[in-house]
Amino acid sequence: MFDGEVTLEQFASMPAEYREAVNNILTIHTVSELYGADVFYRWIPLAPTPVDKWRMSQILREEYGHHLRFAKLQAAMGVDVTKLAKNPLTLFTTYDAENWAEAMMFLATVDRAARLQFEDFTRASFLPLREVAQSTLKEEIGHAEFGRVRVAELCRDAEARAQVQRGLEKWFPMAVAFFGRSGSPKSDRYRRWGLKRRTNDEMRRDYLEEYTRIVAAWGLSLPALSDLDRYVEHAG
């Protein structure tokens, strides 16, 4: 595994495989963070109180900020971000929240999965990626925690509890698949170049250990995991 550190100025002199891997990671996030923020924008009216609308508006602002961080970095690397061809992560294009309970379950479930990805990026060999990941990680932790607390509150009401359970069944398989395929060649390249530390399966395992405890505290039931391949993100 490559154990060096690469600055923005050194990037152009790195091997093509390294540059391709970095550009792929950055492009995925530049595109998906913007698309995800546009989805979150539609969820603000679902919030039941002014406080929840305000908090969701803060999260929306931070999600657009994630896009701008990655876009700014790519622009500094000479990339025209207006011409990026990468598709957003499919979880944003396939499903939407039908109610506040599902929106909160998304934050508690999928943003928690995103947090683990950024944990690895905070130790990436490409120092600019490490820098943007550190700021983004703090906000992803806040999003997931807001969702966790709100879901716990919703579970106290029978009708809302049924809604969050349905949200869990919707988002959980996608969150587990979010980490990518087992034995992914792309993930192996990321690890070989020090851009990621854990394999997809190791990250998925860490997620499941943590999330299973959270679901138990809610008193909800995890759905069975089947046919995960159709959920696996193209980034895997």
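## Starting at Tyr18

Tyr18 sits in helix H1. This is a predicted model, so everything below describes a prediction. With a relative accessibility of 0%, Tyr18 counts as buried. Setting aside residues up to four places away in sequence, Tyr18 touches Phe2, Val6, Phe11, Ser125, Phe126, Trp193 and Leu195.

Lys72 makes a handy reference point for Tyr18: the two are 54 residues apart in sequence, and their C-alpha atoms are 20 Å apart in space.

## H1 alongside H4

Let's follow the helix that holds Tyr18. Helix H1 covers residues 16-43, and it packs with helix H4, residues 100-121, at an angle of about 160 degrees. Their axes are 13 Å apart. Angles over 145 degrees count as roughly antiparallel, and H1 and H4 are therefore roughly antiparallel to each other. The two helices make a left-handed crossing.

Who does the touching? From H1 come Ile25, His29, Glu33, Phe40 and Trp43. H4 brings Trp100, Ala103, Phe106, Leu107, Asp111, Phe118 and Phe121 to the contact. Sorted by class, the residues where H1 meets H4 are nine nonpolar, one polar and two charged.

## Asp111, a charged residue in H4

One of the H4 residues in that contact is Asp111. Is Asp111 buried or exposed? The relative accessible area of Asp111 is 5%, so this residue is buried.

Away from its neighbours within four places in sequence, Asp111 is in contact with Phe40, Glu63, Phe106, Glu140, His143 and Ala144. As for Leu168, it is 57 residues from Asp111 along the chain, and the C-alpha atoms of the pair are separated by 13 Å.

## H4 alongside H6

H4 has another partner in helix H6: the axes of H4 and H6 come within 8 Å and cross at roughly 30 degrees. Under 35 degrees counts as roughly parallel, and that makes H4 roughly parallel to H6. Here the crossing is right-handed.

On the H4 side, the contact uses Ala101, Glu102, Met105, Phe106, Thr109, Val110 and Ala113. On the H6 side are Ala160, Gln163, Val164, Gly167, Leu168, Lys170, Trp171, Phe172 and Ala175. The contact of H4 with H6 splits into 11 nonpolar, three polar and two charged residues.

## A closer look at Met105

Met105 belongs to helix H4, and its relative accessibility of 0% means that it counts as buried. Which residues does Met105 contact, leaving aside its neighbours within four places in sequence? They are Val110, Val151, Val164, Gly167, Leu168, Trp171, Tyr211, Trp218 and Leu220.

Take Gly167 from that list. Met105 and Gly167 are 62 residues apart along the chain, yet their C-alpha atoms are separated by 5.9 Å.

## The nonpolar cores

Met105 also turns up in the largest nonpolar core, which has 43 residues. Those with the most contacts inside this core are Trp43, Met56, Met104, Met105, Tyr207 and Trp218. The elements giving two or more residues to the core are H1, helix H2 (50-76), H4, helix H5 (127-154), helix H6 (158-177) and helix H8 (200-218). Which of them gives the largest share? That would be H4, with 12 residues.

Met104 is in contact with Met56, Phe146, Gly147, Arg150, Val151 and Leu154, once its neighbours within four places in sequence are left out. There's also a second, separate core of 22 residues, and Phe11, Met77, Ala124 and Val132 are among them.

## H2 alongside H5

Finally, there's the pairing of H2 and H5, which pack at an angle of about 160 degrees with their axes 10 Å apart. H2 and H5 are therefore roughly antiparallel to each other. The crossing where H2 passes H5 is left-handed.

H2 supplies Val51, Asp52, Arg55, Ile59, Glu62, Glu63, His66, Arg69, Phe70 and Leu73. H5 answers with Pro128, Leu129, Val132, Ser135, Thr136, Glu139, Glu140, Gly142, His143, Phe146 and Arg150. By class, the residues in the contact of H2 with H5 are eight nonpolar, five polar and eight charged.

Key. Residues are numbered from 1 along each chain as its sequence is written. This is a predicted model: local features need pLDDT of at least 70, side-chain atom pairs count only at pLDDT 80 or more; totals for chains, interfaces and linings use all residues. Side-chain values use heavy atoms; hydrogens and water are left out. Axes are lines fitted to C-alpha atoms, for helices over the stretch in contact, and angles run from 0 to 180 degrees between N-to-C directions. Helices (H or I, at least four residues) and strands (E, at least two) are DSSP runs, numbered from the N terminus. Angles under 35 degrees count as roughly parallel, over 145 as roughly antiparallel, 65 to 115 as roughly perpendicular and the rest as oblique. A crossing is left-handed if the near helix is turned anticlockwise from the far one by less than a right angle, and right-handed if clockwise. Contact means heavy atoms within 4.5 Å. Ala, Val, Leu, Ile, Met, Phe, Trp, Tyr, Cys and Pro count as nonpolar, Asp, Glu, Lys and Arg as charged, and the others, Gly among them, as polar. A nonpolar core is a set of buried Ala, Val, Leu, Ile, Met, Phe, Trp, Tyr and Cys residues joined through side-chain atoms within 4.5 Å. Buried means under 20% relative accessible area, exposed over 50%, partly exposed in between (1.4 Å probe, protein chains only).
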